[in-house]
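Work through the exercises below with the structure on screen. Try each task before you read its solution.

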Amino acid sequence: MTDGPRICDYGDSTYRQDFWEGQGRDYEDAVERRVLRKLLPASGIRLLEVGAGFGRITDEYRMFREVALLDYSLEQLQYARSVFGDEGYLYVAADAYRMPFQAGAFDAATMIRVIHHFENVPAILGQIRKVLGDESCFILEYANKRNLKAMMRHLFSLNAWNPYTLDPIEFVELNFNFHPEYMERQVAELDFDLRRVVPVSWLRLGLLKSALPTRFLAGLDSLLQRSGWTISPSIFLELQLTDASSQRGPSRSSNPLDILRCPLSCSALRRDGDVLVSDSGISWGILGGVYDFRQPLD
């Protein structure tokens, strides 16, 4: 592969066990699921989940006929496949900066708890825009730089960075927080129509989560979301692509080769056993039911 932006690879890490399962994040999970149910359309043909990982929230996309899970981690996707199977699902291991999909292949996309791992936001959003058809929806979540805690720390000179400046802040390697105005400018430049802004995870405090039921906290969070104040740790954007110059919408074909393409040459692919071969002669592997576009085969 050619040089490009840094990539966050969870690989065979124990992220699922160390961060989610039994780690006191039932509240965050419940809040995000509630927001997705509110923002997603009632039905659709094909959805792309960018940064799907082990499939934590993939079961929220049942209203779509097909769901494509994209992640750089082969191991995380293989776990997701063991949970959801192959019927109606497509598993793709790839660099999201070089998406292996045809233009206009999807009528919806989500990116939840993922964009904070990307240092080149315009590039990754541009990739998502290319694979969405006209009238498509895009649900984007990002970590908010200008959150209440950061503003209080800044007031008392406890932050090494300013939450009010528009530039993203990398507080840990390949972990970025974004100013709301910065992110809204990025999506506007790509002709996304901003429909709704939903501030979430207002009550992300260990003491509250240990003392109060998850359902109660999630309900209270839903009330706080109505304030519209973008000072919460996490922000959801409901975006719509209505530009007449965008690509056609997705076909109803369930053949993966109808929507996949070579990420290097952008040419069509044919399958030969457990290998995908592009019209330009570049080959890619299929490992355990996952289409692997991370590195071409020799």
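This is a predicted model: local features need pLDDT of at least 70, side-chain atom pairs count only at pLDDT 80 or more; totals for chains, interfaces and linings use all residues.

**Exercise 1.** Find the edge strands of the open sheet of 11 strands and explain why one side of each lacks a neighbour.

*Solution.* 
- Step 1: Write down the strand order, which is β8-β9-β5-β4-β1-β2-β3-β13-β12-β11-β10. The pairing is mixed.
- Step 2: Look at the edges, where β8 (192-200) and β10 (269-272) stand.
- Step 3: Each of these has a single partner strand, so one side of each has no neighbour in the sheet.
- Step 4: On average, neighbouring strands are turned by 20 degrees against each other, direction ignored.

**Exercise 2.** In which sense do β11 and β12 pair, and over how many bridges?

*Solution.* 
- Step 1: Locate β11 at residues 275-278 and β12 at residues 283-287.
- Step 2: Their pairing is antiparallel and runs over three bridges.

**Exercise 3.** Describe the second largest pocket and its lining.

*Solution.* 
- Step 1: The pocket's volume is about 350 Å³.
- Step 2: Its lining has 21 residues. Nearest the centre lie Asp86, Tyr89, Leu90, Pro256 and Tyr291.
- Step 3: Sort the lining: nine residues are nonpolar, five polar and seven charged.
- Step 4: Trace the strands. β2 (64-71) and β3 (89-93) each supply at least two lining residues. The largest share, four residues, comes from β2.

How values were computed. Residues are numbered from 1 along each chain as its sequence is written. Side-chain values use heavy atoms; hydrogens and water are left out. On a 1 Å grid over the protein atoms alone, a cavity is a set of points where a 1.4 Å probe fits but cannot get out, and a pocket is an open set with protein on both sides within 12 Å along at least five of seven lines; lining residues have an atom within 4 Å of a point. Grid points are joined across faces, edges and corners, and a volume is the space filled by probe spheres set on the points. Ala, Val, Leu, Ile, Met, Phe, Trp, Tyr, Cys and Pro count as nonpolar, Asp, Glu, Lys and Arg as charged, and the others, Gly among them, as polar. Two strands pair if DSSP finds at least two bridges between them. Axes are lines fitted to C-alpha atoms, for helices over the stretch in contact, and angles run from 0 to 180 degrees between N-to-C directions.
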